[in-house]
Structures are given as structure tokens and as C-alpha cells.
Amino acid sequence: MTLTSLFLAAIMSFVMRSAAQKTGHPELFLLGVLAYVTLCMTGYLGKWETELKNPYLFLIPDSPFKKIWYATLMEHVKALADGILICVPVGFVWGIRSVYVVQCILIYTVLQANKLYLKVIARVKSSCDMQRKKALLQAKQELIRGLMQMVILGLGAGIAVLVGLLIDPDLVFPILLIYSLIVTTLVGLLAAIRFDSMEQMV
């Protein structure tokens, strides 16, 4: 994913520069691109999918919440690194203020965490279909995860944009970041509760 992030940053920096600057709010343009990347890129999920099939993952001697935290910690670090690789060059070329660049990096990292935890929930919800073909099961899990994340992102984006239009555009980023943190924490807790039951599915 890191090489993809570098490639994406290079393309975005120059190819989309004029379009982003014409909007007058290149930081919002970048945020929209990050949301799209989060929904569409499945590099993290591919590795996480493999980890979820490893029975040793469930043998970590700790609480379900700590198990899922330790199991996903390196993925969060990778997401942060990818966020930096995408946002810093794009922010520099597009002339985005550093405060927005930092918030974009944090939002991207949190949304990737949200994606990982939703995968756990989607996997449990679709576990009743384990007798079906593997490809069909994975497609169903991905559909459930994608729909849940679109609903969550859509609600948060709607609230942030509404407040930005009615009160102050500068509030869009902090509202979206705080909303994403709260929702991802709740999703992570729910995923941790479901995590123990997943040992039987491996």
C-alpha cells in the first residue's frame, strides 16, 4: 500500500491540482479523495483477511479489546504512514494549510481503522453462510462492510458539511475527525465483543 500511496500522491499532486484549486477549498477536495480511497482500496483488508484466518491471532492472552488492538496496531501505523505519504506532498503542491493536512492524515488513519473493525463485524454477520463458496462469502462480507462504512461516513460527512455551510467551513475538519474517532471507537468495541466468537470460525 505504501508504493500505491506514493503513486497516488504523485498523480494527485499534479494531475488534479488545477481542479482542486478551482474549488477554492483544496483541503475539502483532498478530504473527498481520501474518503474515496478509504472506501475503494482493499490493500489493508487483504492482509487483515489473512490475519483473521490465523488461529494464533486468538491466542493472545488478554481481553478481547486488547487482542483486537494488538492484532491491528501495525495496520494503524501503516495507515498513518500512508496518510502522511499521501497528504503531505499533495498539501504542499496544492497549498493547503498544515493544520488541514494534519487533520486529513488523522481522519484517513481513523477511517482505515474503522474499515478494519467493520470487517470483523461483517465477517461475524455473514458467518451463517460458511457452507457457501469462499468467494461468495468474501463478496458478501465486503458488501456488508462497504455498506456499513458508507452509512457511517455519509452521516458524519452530512453533519460536518451542514455545520460548515450554516456556521463556519473551518469546523468541517474537526467535526469529521471527532465524529470519526467516536464512531471508530464504538465500532472497535463492538468488533472486540465479536472477536472472541470468531475463534470458532477459523
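This short talk describes the fold of one protein and its aromatic pairs.

Good morning. The model is a predicted one, in which local features need pLDDT of at least 70, side-chain atom pairs count only at pLDDT 80 or more, and totals for chains, interfaces and linings use all residues. Residues are numbered from 1 along each chain as its sequence is written, and side-chain values use heavy atoms, with hydrogens and water left out.

I begin with the fold. The protein has 8 helices and 0 strands; here helices (H or I, at least four residues) and strands (E, at least two) are DSSP runs, numbered from the N terminus. Of its 202 residues, 44% are buried, where buried means under 20% relative accessible area, exposed over 50%, and partly exposed in between, with a 1.4 Å probe and protein chains only.

I turn now to the aromatic rings. How many aromatic pairs does a search of the whole structure find? The search finds 2. Rings of Phe, Tyr and Trp (its six-membered ring) pair if their centres lie within 6.5 Å; planes under 30 degrees apart count as stacked, over 60 as edge-to-face and the rest as tilted.

Phe29 and Trp94 form an edge-to-face pair, 5.7 Å centre to centre with 70 degrees between the planes. Phe29 lies in helix α3 and Trp94 in helix α5, so the pair ties together parts 65 residues apart in sequence.

Tyr100 belongs to helix α6 and Phe173 to helix α8, 73 residues apart. Tyr100 is buried, at 6% relative accessible area, and Phe173 is buried, at 1%.
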